[in-house]
Amino acid sequence: MSSDQVHLGHRARKRFGQNFLHDEYIIDNIVAAINPKPGQNLVEIGPGLGALTEPVGKQVDKFTVVELDRDLAERLRHHPELASKLTIHEGDAMRFDFTQLIKENNKLRIFGNLPYNISTPLMFHLFTFHEHVEDMHFMLQKEVVNRLAAGPGSKAYGRLTVMAQYYCRVMPVLEVPPSAFKPAPKVDSAVVRLTPYETLPHPCTNLKWLDRVTREGFNQRRKTIRNCYKSLMDAETLEHLGINPGARPENLTLEQFVAMANWLDANPTH
């Protein structure tokens, strides 16, 4: 047998990063964390063999799935319990326009067991729809959840942390061992809840600058803030913004990154 594993008549494809969830206890806990209710605007990304789709389907009347794998989408179209409840969008969630799923006064509730190879770019894509999203529950590699939830000064703290926490409250919900999947991955997984803020706590006037200061800061973690940003602002400006020029970029809080970005946006000719 090849390195792909056949499971319920479907071959897990390496290129899609497929690992299928099969542990009932873990599945029940994830569904309880999502807490789906009839009438909500639920969207599952990458339903796979339906490990979450089936139990969610038992609790709601209608929901939407986005699935890249043609065979799996086809399987859901003919699923005895789910076929009548699902709206299936076949395609890549990273290119999907989630605004087409918006319903009035009914924000999106997005969930999924995300393939590790797309989880970070997919979250960046989803953050762009934040004002239309009630919450997101994702199964991810545990180290990605650690990055999402990290605080300044820790090794896990990085650009993903800052951007996730810019848009969302981050809450790790559940740890999941490799044995809960077939084939078992080599890493631990975890479920995280991301709840977009109704009102952003530290709004940025131009995200282009926030992207730039976070990218430059985390690409040069070992430098001092003064040296890292010397082409953008001087030490006096940093101090004026309440930032210690002698600290390292990884010690900057979200609020400080935003303060730098907003200063740069207001002083473009500097």
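Me: How many salt bridges does the count come to here?
Reply: The count comes to 12. Keep in mind that this is a predicted model.

Me: What makes Lys 107 and Glu 198 a salt bridge?
Reply: Their side chains sit 3.1 Å apart, N to O. The cut-off is 4 Å between a side-chain nitrogen of Lys or Arg and a carboxyl oxygen of Asp or Glu, so this pair counts.

Me: And why say that the pair ties together parts that are apart in sequence?
Reply: Look at where the two residues lie. Lys 107 is in the loop between strands E6 and E7, while Glu 198 is in the loop between strand E11 and helix H7, so the bridge links parts that are 91 residues apart in sequence.

Me: Which salt bridge does Arg 212 form, and where do the two residues lie?
Reply: Arg 212 pairs with Glu 216 at 2.7 Å, N to O. Both are in helix H7, four residues apart, which is about one turn. Helix H7 also holds Arg 215 and Asp 211, again four residues apart, and their side chains meet at 3.3 Å.

Me: Why is His 137 called buried?
Reply: Its relative accessibility is 3%, and buried means under 20%, so His 137 qualifies. This residue belongs to strand E8.

Me: What makes His 137 and Arg 193 a polar contact?
Reply: Their side chains come within 2.8 Å, and the limit for such N or O pairs is 3.5 Å. Arg 193 is also among the contacts of His 137, along with others including Ile 110 and Phe 111.

Me: How do you know that the buried residues of H3 line one face of the helix?
Reply: The buried ones are Leu 72, Ala 73 and Leu 76. Down the axis of H3 they fall within an arc of 100 degrees, so they line one face.

Me: What caps the N-terminal end of H3?
Reply: Asp 69 does, with a side-chain oxygen 3.0 Å from the backbone nitrogen of Asp 71.

Notes:
Residues numbered from 1 in each chain as written. Predicted model: local features only at pLDDT ≥ 70, side-chain atom pairs only at ≥ 80, totals over all residues. Heavy atoms only, no water. Buried < 20%, exposed > 50% of the residue type's maximum accessible area, 1.4 Å probe, protein only. Polar contact = N/O pair within 3.5 Å; in protein donor to acceptor, adjacent residues only side chain to side chain. Contact = heavy atoms within 4.5 Å. Arc of directions from axis to C-beta. Lists of a residue's contacts leave out its neighbours within four places in sequence.
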